[in-house]
Each structure stands twice: as C-alpha cells, then as structure tokens.
Amino acid sequence: MANYIPVIGLEIHAQLLTNTKIFCNCEVDFGGEQNTRCCPVCTGLPGTLPVLNSQVVSYAIKGGLALNCDINRFSKIDRKNYFYPDLPKAYQISQFDLPLCIDGKVKIDMGEEEKYIRVHRIHIEEDAGKLVHDDIENASLADYNRCGVPLIEIVSEPDMGSAEEAKAYVEKVAGLLQYAGVSLCRMEEGSLRADVNISLKRPEAAKLGTKVEIKNLNSLKSIVRAIEYEIERQTKMLNAGEEIIQETRRFNDNRGVTTSMRSKEDAHDYRYFKEPDVIPVSITDDDIEAIRKELPMLIDERLDLYTKEYGLNKADSKILVANKEISDLYNESISSYANYKAVANFIVVDLLRYVNEGELDSKNIPFTAAEFAELVKMAEEEVVNKNNAKAILKMMLEGKKSPQQIAKDEGFLMNDSADEIEEVVNGVVSEFTAEVEGYLAGKEKLFGFLMGQCSKRLAGRANPKMIKDILEQKLAKLK
Amino acid sequence: MELCDKSILELRQMLDQKEISSSELTKYYLDRINKIDGQINSYITVCEEEALKTAENADNRIAKGEASALTGIPISIKDNMCTEGIRTTCGSKMLGNFVPPYNATAVSKLLAEDAVILGKVSMDEFAMGGSTQTSYYKKTTNPYDKARVPGGSSGGSAASVAAKLSAASLGSDTGGSIRQPAAFCGITGMKPTYGAVSRFGLVAFASSFDQIGPLAHSAKDCAGILNVISGHDVNDGTSERQKIDFSSKLGKDIKGLKLALPKEFFGDGIDESVKSAVLKAAAEYEKMGAKIVEVSMPSLKYAIAAYYLIASAEASSNLARYDGIKFGYCTPDAKTYDERITRTRKEGFGEEVKRRILLGTYALSSGYYDAYYKKALYVQQKIKAEYKGIFDTCDAIITPTAPTTAYKIGEIEGDPVKMYLADICTVTVNIAGLPALSTTCGYDNAGMPIGMSVVGKAFDDATVLQVADAFETSFKRINPKL
C-alpha cells in the first residue's frame, strides 16, 4: 500500500454580525417565521436595487485584519449567475477578481508544533434563501429570510495536511472572528459553514493530485468525518489504480460518507461580471487604521502575554483565551488584583464550571471584573476561606451584591479577634478533657481533633493559623 | 391655440391663476385618450380613477397656494417604471400580472408634487427595441403617419406626447430609447447624465446604461421635469449626490459656445434629408453666435458592437429572475423546477428579448468573455476618452438622433442587425454616461419629423438644455393630424 499525503484547503462562509442585510434594511436574525424578514429588494422584485450596507465592508475588513490579511484599496462587486429557486435574482452578488482582503495567515497550534495556514482571500457576498423540502409532498417551499444575509467567504491556501489541522484552522478562524466581533460563528445556527477541497499526493510528487470539493459542511464533526472518509476513499481508489475525478461531493451525515453531486463537466459557468448596481468600494489607509484600532488584542497575543508575562501554564492560558469574554474578564480582573495565577485559577477551576455546564452565559456575566477580582483577593488573603469563596461566587452569579457584602451578610468573614478564638479554645479544652489529656500524654494526633472542634465552633470564620497558635499556646500552658 | 398645445409652463400659469382646474385638465386629457388613442395605441393602462383623485388633491393644493412645478400637470409613464398598486407590464407577457407594491423613485417624486399620472404607456418589451412593435400589448404607431413606427423603446411615451394625450411623459433610455422616439414623433426628449435620476423602480434592462428622462414639447418642459425627478436616492447606490440645476442656463445667450460636429455622424448610412436638416440647424447656431467645430470620433464604428455586448450581457443577468416562482407569468402544469423555469421563459418572453438574453449569455460565457465582453469594455473606455477629448475644447456636440426618420411598420423590424445599426447615433452617449437631448430640427419630404441631438459633458445637462432651447425658440413645429 502506497503512502499519500492529504492536501486540504477550506472555504469558510461566516455570517457577519450586522443588524441588517447586506443590500437592504431587513433585519438579520436566526429562526423565526418563514418569509417574514424579506422585502422587495432581497427577493429581487423588478426595479429594486441593492444598496451596499457599509457596515458589511468594515466588518469584513476587520475580520480580514484579524486574519492578518492585506486590504485591497480598490475592491469591486460582481455578479455570479446561476439559476436556483433559493436565489431570487438568479444571481448572487459577490466578489470575483478584486476581493476586499488578500494574503492572510492564521497560526494553528498542533500540540508541540505551531503551523501557519495561509489565507488566499476574503470576499463579501449575500447568502441565498433556504428550500424546505418536507412540508408538502412533491413540492419544495422557499424561505427567503436568509436571502441577503451578509457573508464573508474565507478561502485558504491548500496548507492543511489532516482533518485535525483543518479542525484547528476552523476553530482558530472562528475564534479570531469572534474576537474581532464580526461574526458569532455558530455552526449549529449556520453562521459558519465550510467547503473542503481535498486531494492526495505521493510524498515525492511535486504536483498536486486531482482535487475533490465537499460542499456545505456545517459542524466541526462533519468536517473531520468528511475529510477522514475522503482520505480513505481516495487512498483506496489510488491504490486500486483508479483515477480520481474532479468533482463536487456532498457529505451524508447519517451514513458518514461523501457522494457525488456533480462532475467538472457539469460545473456551473457562473458568467461573473461587474455588478452594475453597486459601485466599487474604495478604502483609504485611514479607513483601515480606524478599523484596526477597534480590534481588541487577539488570541495569539493574549496567549503570549499569559504564558510569557504572567507565567501561566499553556493549558490554562488556552482555556482562558478560548472564550473572549472570559479572557476579557481575566484581563480586567488582574488590572485590579494582579495575582495572575490566583485569578486564572479561580476562573479555570470555579467560574468556567458554570459556563461549561451551561449555567452561565459568558456574554452576560452578572458582576464586574473588579468584583470578581475582589473575591479572588478575599480568598487569597484568607478574608474568607476557600469554600466560602466558592459559595460567594455562586451567590454573585445569582445576582447578589458585592463579595464583601455577601461575606458580611452570610457571616463568612474570618474572625481575627484573638479574644473570641481564645474563648472558643478554652471552651473546647475544658469540654474535651480526655482528648486533652491524651494529647498531653503524647498522642499528637489528637491535636487535629481539637483543632477541628475549634474550627467547627468558629464556623470557618477564623484564620486556621490563629486557631492553631492559640490552641498550641493553651496546651503548652497545660503541660 | 388648443389647451393640449400648451406647454407645462403655460398650464402651470393657467392652473395657478384658476383659469382651469387640474380636475378639468385631467378630464380633458382622459377624454382625448378615449377619443384618439385608438388611432395610435399608446396607453397600455389608463389610470382614470387614480388620475382624477390626484387631480383633486392637486386642486386643493393649488387652492392653498402650495403648488409646485408639476402640481396638477397630466403626465404619462412608460410601463417599465413601477407604480404602486398599478400593473407594470414592461411591455411583456412575463409581467402581465405584476402589480408592484412600491413606486419608482421618479414616480414618487412626481406624486409628491401631485402631478397627475394619466396612465402607463407602451414600449418595446423590456425596453429592447426601437419601434415599440415588440410590445406584447400595444404596438404603438406614429401620430404623424399611422403606417409608421413611433420609434422606441419609449414609443408610447413619445406618441402620447406628440398626439397630445399627455402634457409630458417619463421614458427610459438605455441606448437611445428616449431620444430616438422623440425624434421620430417630432418632440423633445432628454436622457440626463447617468445617475442624475434614481433608477429605483425602473425595471432593469442594462443597469449601467439605463436612465430615466422626460419626453415633452420643449427643452424648457424637460428641464422642469428633470428638476423634480432628479437627485440622490438612498435606494439607488449609483444615483449621484451632485444635484443638477437643469434650468440654470435656459435663455442664456449661446454666443461663443463651441459646438462640435463629429464627422463620423454625418457619413454613409445617414439619410441625406437628416444630414441636411441637422447641418442647417448647425448653421442656425452659427448665426446665433456659436462656433461650429468639426471633430472626429474614430471609435464610433465599434460602438454598436460594444453597446449590444455590454447591454445584452447585463440584460441576460437582469432578466434571469423571471422564473415564474415569485411574480409574473408562470407556465401552468409544470412538473419540475427545470420544466417550470424553461417553459415560463419560453412562453413569457418575446423573440427580441430571447435574442438578447442569448447574445448576452454567450458574451459572458467562459471562453468567450475575453473576446467579447472584455473587448466591449475596452471600447467603452476608448469612447469615453474620445468624448473627453472633444469636451476639452467644445461645450456641446451636435449629431443626428437617428440615421432616418420614422420608417414604415414591418420595414426593418424583421432584421435585427439593421435594427441594431439604426442605433448608431445614440448608443455612444449611454456608453459614456453623458447627458443628451433630441429636439426636432426639420421634416422630410413625407412630412416626418427629423431629430437633432445635443450632447453635453457629464453633469453639464444645463448646457444641453440651453443649446436645445435656443434652437427651439426660433423653430416652428408642425402638429400631427389626428
């Protein structure tokens, strides 16, 4: 059996997070009643004209900058012509030869190894509608709500060599677009979809093999499965001496296989030409700089900062940056309490549990970073004990006041009054005479028991070290 | 002088001085349409009820002293401009049942002044043609000779104005569709600078050339209408922000203006009667103190090919939406999507429309794109450059509007190449996006009107109107006999 290297490229379609569609004022939203978010413009009624939503352009540029792209100063809008019932104008307004963004690169992290995937181009385009096939027999229904929803298409170079790399690339692109605030990248809602181009070649071969395109993959899992299936299928064919034909395939999620959609001969001739209804986009250096300024610090920079400056380990750092809101919370928290590890630890161990279990939406954290930092500080400085700190966090998530206030109201504050501790210690010593005598007789283990009794009476509110000191002094006197 | 012979400015005065009400004026025109339109077939839809209602509003407005330039003036609209609640057919079976839920911006602007829309007038199907004989509904005839074509594609507009069945009309011009019928019907028609009037609501033919403009009895009336319908529109990204004052130069002396005559427009293929009438008009301008300069436009020989490639390419895409799914004609009993769309388009479109869709699809197809569409865009740049060269030294250009006067129905419509070549005098203006106007400068032996075109720099529409108006002031037109 010969060995083959997979060569994989991806086209990612990401929905931009604008309020309105790309060429009309219809609202962009997910779900809802069919054909309620469309108008004469996005359904292509005669005489209507597309008017480019300028936010689409700035969001696409912002996404491009997040993916390290160059921005074309002059960009043109084109028509891609094909007949399909979900495409009301029978052409899609897209970009052909002068896209908004070109020549980017995205760093992916494959365990020990880091790798860059080059981004060939990013262009803007309108989404098509949706066909519903099952509602009535022998007919399909068209829902135009999605028509004209703004998309960016991100075309990578064929730089990926495995399904895992493709997955890492999609996750990184999605993360960067989320950081840039230009797309939600929710695959389950269709706001991120991918087409995969894949070919196999012998390690020594200079030329790429014949590529096959797999269309419309809408989950990370199906991207991975489709690629793995396709590698296997093509390997078998090549080993059997068969030729790969250039074609478009679809992935059947249920059966886990790809099947042919159309061959190269049946490929559409899209007859691209300049969209006469939309004037070309001119972008100045100032425009680009203004957009660049709006970008927050991105994933790779944050990782560097966390590991190199803050001394966090790589695993925790990656957990923190996986979610921008969490990473933002961390950054803000350490600005008021600069105990990098303690804050990170509290987020990773305690706070994220609520996020992961779906009890907390990281976009709607009900307390400020300052309040959170305060809580970590209280725990670290043993103003409250660790268990009570966790309890306070839970109450803060339920919307209760500041950590200080909660600790006070709940009686969680450590008691540092030596008099009170001494009183408790005296009480315990006089009550557990047998244990005290045992201890004094050399059963050192009994000290723990006496400590425990004191702590119990103090209800976790006293500093254990203080209890220990006072108890030791007391017992020493009795010796 | 009959009421219908009056200009918009004269009607304005009569309305404002309460010599006549808009309701009376509207009834008068509706009555004329009733009596006369049977001879020329210009109206596809007469909007009697709506017109009378608007007239009433106009009268109220006039009574309050709040009339604007077109308040109460009866106007017809080419049937490719969307009118809310009123069928808009585009001269095609395909849109026979299409009632738009919105107005074209130009129409909205007229209605905002309570201009009275008498009805929707005929046109070549999807504005493709120069004879109005490809209309699925009314094959309009020429008021000067009912055996002849009125020109096209805005033939219904031109004929309705020439026959005085409307005080003015809105037409659209993609390759001469306002100017050529204005010439054939002996009136004035203007295509303003591309982008001056919003295209929103104008059913698209070739988006980069399409432009709405007026057909009326004079350059002055055209200026008045353009002042109302022009201006930037948020619904049209290609509409210009620059506001043009169309009447700013009307009546100003043309002494010293340099008028260019490109020699290629006076060569073979242009009728002698047309040539001599236009040259005679040029001599008139000279008498008025203008300077006549002979210039050259070598790329004119490529203009027809370039125009038909670009316009048809855009049309093939613009007309792809007519698939019988969402609006318009839909073939009955189709079993599959493919069958439905194929039969709908086969049955819904006429021959000329299909010819251009095929031509345009071919021109854009891979393997042919470079040889046809791309070369046509190159010719477009050449033509623009040549116009720029002429306008570096001249103020306006004078050419014939069409190589001939109105021809007999059936004479050349069967020969598409001959039909296309007849657009030679008008298409370069659309290719370059310039303002141009046709006015009547004489009559041939058969008594058919001869059109002369005035072409100006982009956004210098005012000079075009000034030059045309100067000629019109001293030229006496002959009314058609109906």
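User: Why is A:Arg202 called partly exposed?
Analyst: Its relative accessible area is 36%. Buried means under 20%, exposed means over 50%, and partly exposed is in between (1.4 Å probe, protein chains only). A:Arg202, at 36%, therefore counts as partly exposed. One caution: this is a predicted model, where local features need pLDDT of at least 70 and side-chain atom pairs count only at pLDDT 80 or more, while totals for chains, interfaces and linings use all residues. Residues are numbered from 1 along each chain as its sequence is written, chains are lettered from A and ligands numbered from 1 in the order in which they are written, and side-chain values use heavy atoms, without hydrogens and water.

User: How do you know that A:Glu204 and A:Arg202 form a salt bridge?
Analyst: The closest N and O atoms are 3.8 Å apart. A salt bridge needs a side-chain nitrogen of Lys or Arg within 4 Å of a carboxyl oxygen of Asp or Glu. The value 3.8 Å is within the limit, so the pair qualifies.

User: Is A:Glu204 buried or exposed, and what makes it so?
Analyst: A:Glu204 is exposed, because its relative accessible area is 59%.

User: What makes A:Asp253 and A:Arg225 a salt bridge, and which parts of the chain do they tie together?
Analyst: The N to O distance is 3.1 Å. That is within the cut-off, so the pair counts. A:Asp253 lies in the loop between strand S13 (247-252) and strand S14 (257-263) of chain A, and A:Arg225 in helix H3 (residues 220-239), so the bridge ties together parts 28 residues apart in sequence. Helices (H or I, at least four residues) and strands (E, at least two) are DSSP runs, numbered from the N terminus.

User: How exposed are A:Asp253 and A:Arg225?
Analyst: A:Asp253 is partly exposed at 38% relative accessibility. A:Arg225 is partly exposed at 31%.

User: What about A:Lys308 and A:Asp304: where do they lie?
Analyst: Both lie in helix H5 (residues 299-309) of chain A. They are 4 residues apart, about one turn of the helix. A:Lys308 is exposed at 62% relative accessibility, whereas A:Asp304 is partly exposed at 36%.

User: Which residues does B:Arg199 link with, and how many salt bridges are there over all chains?
Analyst: B:Arg199 is in a network of salt bridges with A:Arg79, A:Glu275 and A:Asp277. The search of the whole structure finds 55 salt bridges over all chains.

User: What makes B:Tyr362, B:Tyr368 and B:Tyr372 a nonpolar patch?
Analyst: Tyr is on the nonpolar list. The patch covers about 290 Å² of surface. B:Tyr368 has a relative accessible area of 34%, so it is partly exposed and over the 30% that a patch requires. B:Tyr368 sits in the loop between helix H11 (351-364) and helix H12 (370-393) of chain B.

User: How many helices and strands does chain A have, and why is it called more spread out than a compact globule?
Analyst: Chain A has 15 helices and 16 strands. Its radius of gyration is 31 Å, well over the 23 Å that the globule rule gives for 479 residues, so chain A is more spread out than a compact globule. That radius is taken over C-alpha atoms, and the rule is 2.2 Å times the number of residues to the power 0.38. Along its principal axes the C-alpha trace spans about 100 × 60 × 55 Å.

User: Which backbone feature marks A:Asn35, and which marks B:Ala127?
Analyst: A:Asn35 has a positive phi of about 55° although it is not a glycine. A:Asn35 is partly exposed at 36% relative accessible area. B:Ala127 has 4%, so it is buried.

Note on methods. Patches are made of residues with over 30% relative accessible area and no salt bridge: like charges are joined within 9 Å, nonpolar side chains (Val, Leu, Ile, Met, Phe, Trp, Tyr) within 5 Å. Accessible areas come from the Shrake-Rupley method with a 1.4 Å probe; for residues, only the protein chains shown count as cover.
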